[in-house]
Amino acid sequence: MKSMRTFLLFAASFFLTRLTVLAQSGNAGATATPDRSYQLLREDENWTFLRNKALRQDFWDPIKYIPLRSSSDNWYLTIAGEAREVWEQIGNDNWGQQPYMNGYFNERYMLSLDAHYGKHVRSFIELKSGLNSFRIGGPRPIDEKKLDFQAGFLELNSYKDANSIALRVGRHELEYGSGRLIDVREGPNVRLSFDGFMVKSKINSWQIDGFAVRPDVDNFGFFDNEPNPAVEFWGVYATRPSLSKISLDVYYLGLNRKEATFERGTAQEVRQSLGARISRPVATTRPGLDFDYEGLWQFGTFGVDNIRAWTVASETGYRFPTIPLKPRFSAKADISSGDNPNSKTLGTFNPLFPKGNYFGVLATTGPGPINFIDIHPHIETTFPHNVTASFDWIFQWRENVLDGVYSVPGFLIRPAGNSQARFVGNRPGTELRWQVDRHIWCQADYGIFYAGRFLKETQPARDLNYWALWAGYKF
């Protein structure tokens, strides 16, 4: 079965690659202005422009491009890192099932070494350390990992004009699209990683990735992480931006979990996902519309039962960058399928490996994107000195009243019981962020989740509240 899956993965990658070759012209893109921004995945940064010492402006620039051979500009090392400190406080976690008030301190430290040995060989290593203090009940796996590799892979690549193909073997971070399905889990203290291989190809305007991996199990000690032997994850993800700044994503994703638990019980889950996404970025220079629309169909088997699940997600916004405060008004409307445990088909949507702060504020607590319908208006503004403020309000219902409420990672946290109520609750939230300079940032979050009729009928139903103070430094 594994060999057949690997064959299908490479066959799909080859098909998409050939399709884009036929669809695209051979024109290479223009040279871009040097990008000094820090990326979510540090492996995506390119500091080779700093081989010109006249372009060095920042204190850290000397370690962004360190020559390894005097005779070759393509042998170099890049060093990067970050420190992040967070105080989180949760009251009535899971609406009263956990201690009334749980406050704790999270620390995150990361350091990466990106070495290029000529044009065709590269190694990337990123260390992570996540520490937790004061949490009642002790740290969760998302809170603490004393020291381990967040990423560590060897890359062999071939470049020709605008086209390239690269094979990576080792430990990887995966982050695609909006993070609804595959993300590094930036909100929680310990980020997610995967062990296995990846094939990354660029054909003119298309970026096509294929991968076969296992998610890492985050143990609490030193260098004791391991790939989860009970979970396999594979897929092909292709994305293409257009001249009108509209991006198209198409993908196939496969998941095999030996033990998966939903409202109907526990069994082996083999799930296939087919989806597409179309998006346009937020306007930056003149008033404009932005959007992010995604649809997904899932099929497969759950024990002896079939799987038929789906989701449709949307976000539509409009920003006015030419007036004071540069306001942006937006609204999300999402729906994902739930299950009827009395049928022979599992209908619960699986978000796979979504971002930790799926709904923004209340990053690591509250309901997740499973068996839900939501309406989510949002307002954000920009003040002087790189200060931004936002306010949102989410209203959430169950899609199927015979299925329960799940957390963001996918754990069942409130069974359906005998309640026929759909309304789970609503949560107003606010976020204030200050980007002090390109290295230092501070943030404050606050939100309250007011329990709705479903929670009140299944008890406990205390209102959940959350606040957090963040500070970070990147180089």
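Two residues are in contact when heavy atoms of theirs lie within 4.5 Å. By that rule, and leaving aside neighbours within four places in sequence, G300 is in contact with V270, D305, N306, I307 and R308. This structure is a predicted model.

**Confidence**

- The protein chain has an average pLDDT of 91.
- A score of at least 70 is reached by 92% of the residues.
- Residues 1–31 have a pLDDT below 50.
- Beyond near neighbours in sequence, that stretch still has 36 contacts in the model.

**The second largest cavity**

- Six cavities of 30 Å³ or more turn up in a search of the whole structure.
- The second largest cavity holds about 60 Å³ of space.
- Two elements, β13 (288–302) and β14 (305–319), each give two or more residues to the lining of this cavity.
- The lining consists of R180, L181, Y251, E294, L296, T311, A313, F349 and Y358.
- By class, this lining has six nonpolar residues, one polar residue and two charged residues.

**The second largest pocket**

- About 1200 Å³ of space lies in the second largest pocket.
- Its lining has 42 residues.
- Nearest the centre of the pocket are I142, R185, P409, G410 and F411.
- At least two lining residues come from each of β8 (206–217), β11 (247–262) and β20 (412–414).
- Strand β11 supplies the largest share of the lining, with six residues.
- The lining divides into 23 nonpolar, 11 polar and eight charged residues.

- Where does D58 lie? D58 lies in the loop between α1 (2–23) and β1 (66–67).
- D58 counts as buried because its relative accessibility is 17%, and the cut-off for buried is under 20%.
- The side chain of D58 reaches the backbone nitrogen of W60 at 2.9 Å.
- The side chain of D58 also makes a polar contact with the side chain of H439, at 2.8 Å.
- D437 sits in the loop between β21 (423–435) and β22 (440–451).
- D437 is partly exposed, at 34% relative accessibility.
- A polar atom of the D437 side chain lies 2.8 Å from the backbone nitrogen of H439.
- D437 and T348 are 89 residues apart along the chain, and their C-alpha atoms are separated by 44 Å.

- S279 has its place in strand β12 (residues 265–280).
- Is S279 buried or exposed? S279 counts as buried, because its relative accessibility is 9%.
- Residues up to four places away in sequence aside, S279 touches K245, I246, S247, F291 and D292.
- G300 is found in strand β13.
- G300 is buried too, with a relative accessible area of 17%.
- G300 and S273 are 27 residues apart in sequence. From C-alpha to C-alpha, G300 and S273 are 8.8 Å apart in space.

**Backbone geometry**

- Which peptide bond is cis? The bond from Q459 to P460 is cis, with omega near -5°.
- P460 lies in the loop between α2 (453–458) and β23 (464–474).
- R185 is not a glycine, yet its phi is positive, at about 65°.
- R185 is in the loop between β6 (163–172) and β7 (194–203).
- R185 counts as buried because its relative accessibility is 17%.
- R185 is also one of the residues nearest the centre of the second largest pocket.
- K326, another residue other than glycine, has a positive phi near 45°.
- K326 is found in the loop between β14 and β15 (328–336).
- At 37% relative accessibility, K326 counts as partly exposed.

Methods:
Residues are numbered from 1 along each chain as its sequence is written. This is a predicted model: local features need pLDDT of at least 70, side-chain atom pairs count only at pLDDT 80 or more; totals for chains, interfaces and linings use all residues. Side-chain values use heavy atoms; hydrogens and water are left out. On a 1 Å grid over the protein atoms alone, a cavity is a set of points where a 1.4 Å probe fits but cannot get out, and a pocket is an open set with protein on both sides within 12 Å along at least five of seven lines; lining residues have an atom within 4 Å of a point. Grid points are joined across faces, edges and corners, and a volume is the space filled by probe spheres set on the points. Helices (H or I, at least four residues) and strands (E, at least two) are DSSP runs, numbered from the N terminus. Ala, Val, Leu, Ile, Met, Phe, Trp, Tyr, Cys and Pro count as nonpolar, Asp, Glu, Lys and Arg as charged, and the others, Gly among them, as polar. Buried means under 20% relative accessible area, exposed over 50%, partly exposed in between (1.4 Å probe, protein chains only). A polar contact is a pair of N or O atoms within 3.5 Å; within protein, one must be able to donate a hydrogen and the other to accept it, and residues adjacent in sequence count only if both atoms are side-chain atoms. pLDDT is the predictor's confidence in each residue, from 0 to 100.
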